[in-house]
Amino acid sequence: MKLIPAIAASILLCAFFGCSPKQKKTTIGYIQITEDEVLNKAKKGLFDALNDSGFIDGQNIKIIDNNAQGDLSMIPTILQSFKSQGVDLIVTNSTPCMVAAAQMITDIPVVFTVAFSPAQVGMKTTPSNLYGIYDPLNAERFVSMMQECIPTLKRVGLPYNNAEANAEYAAKVFLSEFEKRGIEVVTATVNSANDLTMVGQYLSGQNIQAIVVAADNTVFMGLNVLGKIASESKIPLFVTEPNQVYKNAAIGLGVNYHKWGYFSGLKAVDILKGRNVTNPIEPITETELIINKKACAEQGLIVPQSVADRATNLLE
């Protein structure tokens, strides 16, 4: 019976100093298709949302950060490793990662950013465990801006990788919009970023007045190469990801990536806090227009004042 006072003393000590087992950190598996400055802006926005809501990596959450390095075949492998490690939440950055997770993951919540919606990329059903923010891709507004810059626009080049669901969808949307306006499109297949020198040279010889890159991770990986050819050929390069203008594109019009990531991060916060997510999948409406004045000059594009006045950022 002499053990009872000792046990009681131990209980009192635990109550005073805290002897409860160390709380298990919530584990988040993060996957991104490739290392890219623009995708990293969305990544930062997403992690900012988590931090602002009190979810700090290394404190109360653990983030397993993986990058497929542009290899589509690596995405399923990474997702399978998340399942094996028993993560509590998966976050995907890019459409290919979202599509793969939607197909493979059924019992873990998945939050996506920098992606089109399941419906946009042809998925017949949307999994109940899928949440995120998607790009509605306003091709009408984009092409109107191009025509404002080039009133005589009649022929454009469109390189894309049809192995990416996002690139294929974007190409389809833009082809339809150009066709409505009587603008001819010269397409070129890109299987890897290494193809861009050959593709750029091919397009520059097709009597086109502009090159458009729309939501294509493969082409964006090697955009500097395409931008160099555009400058040498005096063909303006337009992109749907505004911050890609830092890679020598003339004009970028599209979604603000930091906000895109942040809003997706808020979906993750709701899930981690056990809240009911009333709108699991929503579009983002915040856009920006960035003009690279140096690239415009090199590529022979004179930007009308009406377009310049709408710019959120003018790069000298």
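How many helices and strands does the protein have? The protein has 12 helices and 13 strands; these are DSSP runs numbered from the N terminus, with helices being H or I of at least four residues and strands being E of at least two. This is a predicted model, in which local features need pLDDT of at least 70, side-chain atom pairs count only at pLDDT 80 or more, and totals for chains, interfaces and linings use all residues. Residues are numbered from 1 along each chain as its sequence is written, and side-chain values use heavy atoms, with hydrogens and water left out.

**Overall build**

- Along the principal axes, the C-alpha atoms fill a box of roughly 95 × 35 × 35 Å.
- Of the 316 residues in the protein, 52% are buried. Buried means under 20% relative accessible area, exposed means over 50%, and partly exposed lies in between, for a 1.4 Å probe and protein chains only.
- Among contacts between residues at least 6 apart in sequence, 68% join residues at least 24 apart. Contact means heavy atoms within 4.5 Å.

**Helix 3 and helix 4**

- Helix 3 covers residues 74–85 and helix 4 covers residues 95–104. Their axes come within 10 Å and cross at roughly 50°. Axes are lines fitted to C-alpha atoms, for helices over the stretch in contact, and angles run from 0 to 180 degrees between N-to-C directions.
- Helix 3 and helix 4 are therefore oblique to each other. Angles under 35 degrees count as roughly parallel, over 145 as roughly antiparallel, 65 to 115 as roughly perpendicular and the rest as oblique.
- Their crossing is right-handed, meaning that the near helix is turned clockwise from the far one by less than a right angle.
- Helix 3 contributes I75, P76, L79, Q80 and K83, and helix 4 contributes P96, C97, A100, A101 and M104.
- By class, this contact has 8 nonpolar, 1 polar and 1 charged residues. Ala, Val, Leu, Ile, Met, Phe, Trp, Tyr, Cys and Pro count as nonpolar, Asp, Glu, Lys and Arg as charged, and the others, Gly among them, as polar.

**Helix 7 and helix 9**

- Helix 7 (residues 196–204) packs with helix 9 (residues 223–233) at about 25°, with axes 9 Å apart. That angle makes helix 7 roughly parallel to helix 9.
- The crossing of helix 7 and helix 9 is right-handed.
- L196, T197, G200, Q201 and S204 of helix 7 meet L223, V225, L226, I229 and S233 of helix 9.
- This contact has 5 nonpolar, 5 polar and no charged residues.

**Cysteines**

- The disulfide count is 0, where a disulfide is a pair of cysteine sulfur atoms within 2.5 Å.
- C97 is buried, at 0% relative accessibility.
- C296 is in no disulfide, and the nearest cysteine sulfur, that of C149, is 7.4 Å away. C296 is buried too, at 3% relative accessibility.

**Positive phi**

- Most residues other than glycine have a negative phi.
- S94 has a positive phi, near 120°. S94 sits in the loop between strand 3 (89–93) and helix 4 and is buried, at 0% relative accessibility.
- A215 also has a positive phi, of about 50°. A215 lies in the loop between strand 8 (210–213) and helix 8 (217–221) and is buried at 10% relative accessibility.

**V255**

- V255 is in strand 10 (residues 251–255) and is buried, at 3% relative accessibility.
- V255 and E286 are 31 residues apart in sequence, yet their C-alpha atoms are 6.0 Å apart in space.
- Leaving out residues up to four places away in sequence, V255 touches D135, T240, P242, W260, I284, E286, T287 and E288.
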